[in-house]
Amino acid sequence: AMAQEDELGSFFVYVFIVHPILGWILHPGRFKRPMAIAFVVAFLATIAGLQVYFDMGEHGANHYQVLGVARSAAQDRIRQAYKSLSLVRHPDKPTGSQEAFRSLQHAYNVLKNSEQRALYDKLGDEGVRLGSQMVVDAKQLTIRLLVHYVSTLVMTFFLTAGEPSGEAMTTTLYGLVVMFFVEASILFDRMTLPGWLLPWLAPYQIIWIMHKCFSAFMSGCRSVYGSIYVDPHARRSRAATALTSAGKAMAQTANEIGSFLRSAGRQLLHP
């Protein structure tokens with residue numbers, strides 16, 4: 001519930017604060033279009049990156065980071081890392097403390113158990129806690145997934161429906177479908193993330209990053225497509241207006257030339 005509230009707040013920040021700034025950047029004549037789009041992408045990437053960085057700092061290190069291993073580490077590597085670090089972080093050692101040692105023990109206890117490790121990878125410590133209460137199953141994961149994506153879909157529809165070309169909604173929905181596929185594949189063990197992809201992060205954190213960045217992605221689609229869209233009816237109307245003005249100017253010029261020629265002819269005939 002808290003995650004949904006955070007994402008809803010993020011949507012409103014992008015709608016009422018970020019989107020107007022993007023509109024200012026993309027305003028015709030302010031920058032050349034390729035440069036303006038590059039500024040928009042850089043601006044959104046910076047905002048999303050800072051948001052992820054500070055939010056992750058609040059949550060602290062994950063269990064893999066505590067043990068100093070990659071998420072693909074085998075059990076032998078995890079056990080070896082725990083033994084080495086326990087000698088350094090034990091409260092009896094000058095470099096150790098009770099808090100650091102408890103954190104190390106908790107990380108090891110979760111990752112050494114294959115079932116708890118699988119739940120941790122999918123849902124974090126919340127998954128481990130729910131797993132101990134025997135309330136995590138495919139039905140619970142499906143409900144959790146659908147609640148998030150249905151609410152996000154509704155929000156996406158309302159925020160992109162006003163873009164006249166429809167490209168913003170289409171592109172945003174494609175992104176939402178890809179995100180849904182990746183998350184569902186992780187939660188239901190249909191896909192293992194490649195080891196080179198942010199190896200120090202747990203899978204649930206990568207899912208969380210996708211959720212955090214979706215608002216920036218949608219805002220970028222709305223702004224960029226809105227700036228490059230040209231209404232064909234308005235374009236034809238402007239063209240017709242321009243042709244009418246040009247015709248009037250040409251007629252006026254022709255009249256002036258005719259008047260000049262008539263005047264010149266009279267002077268020649270009647271000097």
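Me: Before we start on this predicted model, what do buried, exposed and partly exposed mean here?
Reply: Buried means under 20% relative accessible area, exposed means over 50%, and partly exposed is in between. The model is a predicted one.

Me: Which class does Q116 fall into, then?
Reply: Q116 has 30% relative accessibility, so it counts as partly exposed. The residue lies in helix α6.

Me: What is Q116 in contact with, apart from its neighbours within four places in sequence?
Reply: With those neighbours left aside, Q116 is in contact with N109, V110 and V128. As for S132, its C-alpha atom is 8.7 Å from that of Q116, and the two residues are 16 apart in sequence.

Me: On to the core. How many residues does the largest nonpolar core have?
Reply: The largest nonpolar core has 17 residues. Those with the most contacts inside it are L67, V69, I78, L111 and Y120.

Me: Which elements give two or more residues to it?
Reply: They are α3 (63-67), α4 (75-89) and α5 (98-111). The largest share, six residues, comes from α5.

Me: And L111, what does it touch beyond four places in sequence?
Reply: L111 is in contact with H63, Y64, L67, Q75, I78, R117 and Y120.

Me: What does the second core include?
Reply: The second core is separate and has 13 residues, including V15, Y149, L176 and A184.

Me: Now aromatics. How many pairs are there in the whole structure?
Reply: A search of the whole structure finds nine aromatic pairs. In one of them, W24 and F31 have ring centres 6.4 Å apart and planes at 75°, so the pair is edge-to-face. Ring pairs also link W24, F31 and F39 into a cluster.

Me: Is F31 buried or partly exposed?
Reply: F31 counts as partly exposed because its relative accessibility is 30%.

Me: Why is the Y120 and Y204 pair edge-to-face?
Reply: The ring planes of Y120 and Y204 are at 75° and their centres are 5.3 Å apart, so the pair is edge-to-face; planes over 60 degrees apart count that way. Y120 is in helix α6 (residues 114-123) and Y204 in helix α10 (residues 203-228), so the pair ties together parts that are 84 residues apart in sequence.

Me: Turning to α9, what span should it have?
Reply: Helix α9 (residues 167-187) has 21 residues and should span 30 Å at 1.5 Å a residue; its end C-alpha atoms are 30 Å apart, which agrees.

Me: What do its buried residues pack against?
Reply: The buried residues of α9 pack against α6, α8 (138-160) and α10. Among them are A168, T172, L176 and M179. Just after the helix, D189 takes a positive phi of about 60°.

Me: And α10, where is its kink centred?
Reply: The kink in α10 is centred on C213 and is about 35°. Over its 26 residues, α10 should span 38 Å, and its end C-alpha atoms are 37 Å apart, which agrees.

Me: Last one: what joins the side chains of H148 and H211?
Reply: A polar contact of 3.4 Å joins them. The C-alpha atoms of H148 and H211 are separated by 9.8 Å, and the residues are 63 apart along the chain. H148 is placed in helix α8 and is buried, with a relative accessible area of 7%.

How values were computed. Residues are numbered from 1 along each chain as its sequence is written. This is a predicted model: local features need pLDDT of at least 70, side-chain atom pairs count only at pLDDT 80 or more; totals for chains, interfaces and linings use all residues. Side-chain values use heavy atoms; hydrogens and water are left out. A nonpolar core is a set of buried Ala, Val, Leu, Ile, Met, Phe, Trp, Tyr and Cys residues joined through side-chain atoms within 4.5 Å. Buried means under 20% relative accessible area, exposed over 50%, partly exposed in between (1.4 Å probe, protein chains only). Helices (H or I, at least four residues) and strands (E, at least two) are DSSP runs, numbered from the N terminus. Contact means heavy atoms within 4.5 Å. Rings of Phe, Tyr and Trp (its six-membered ring) pair if their centres lie within 6.5 Å; planes under 30 degrees apart count as stacked, over 60 as edge-to-face and the rest as tilted. The expected span of a helix is 1.5 Å times one less than its number of residues. A polar contact is a pair of N or O atoms within 3.5 Å; within protein, one must be able to donate a hydrogen and the other to accept it, and residues adjacent in sequence count only if both atoms are side-chain atoms. The bend at a residue is the angle between axes fitted to the seven residues ending there and the seven starting there.
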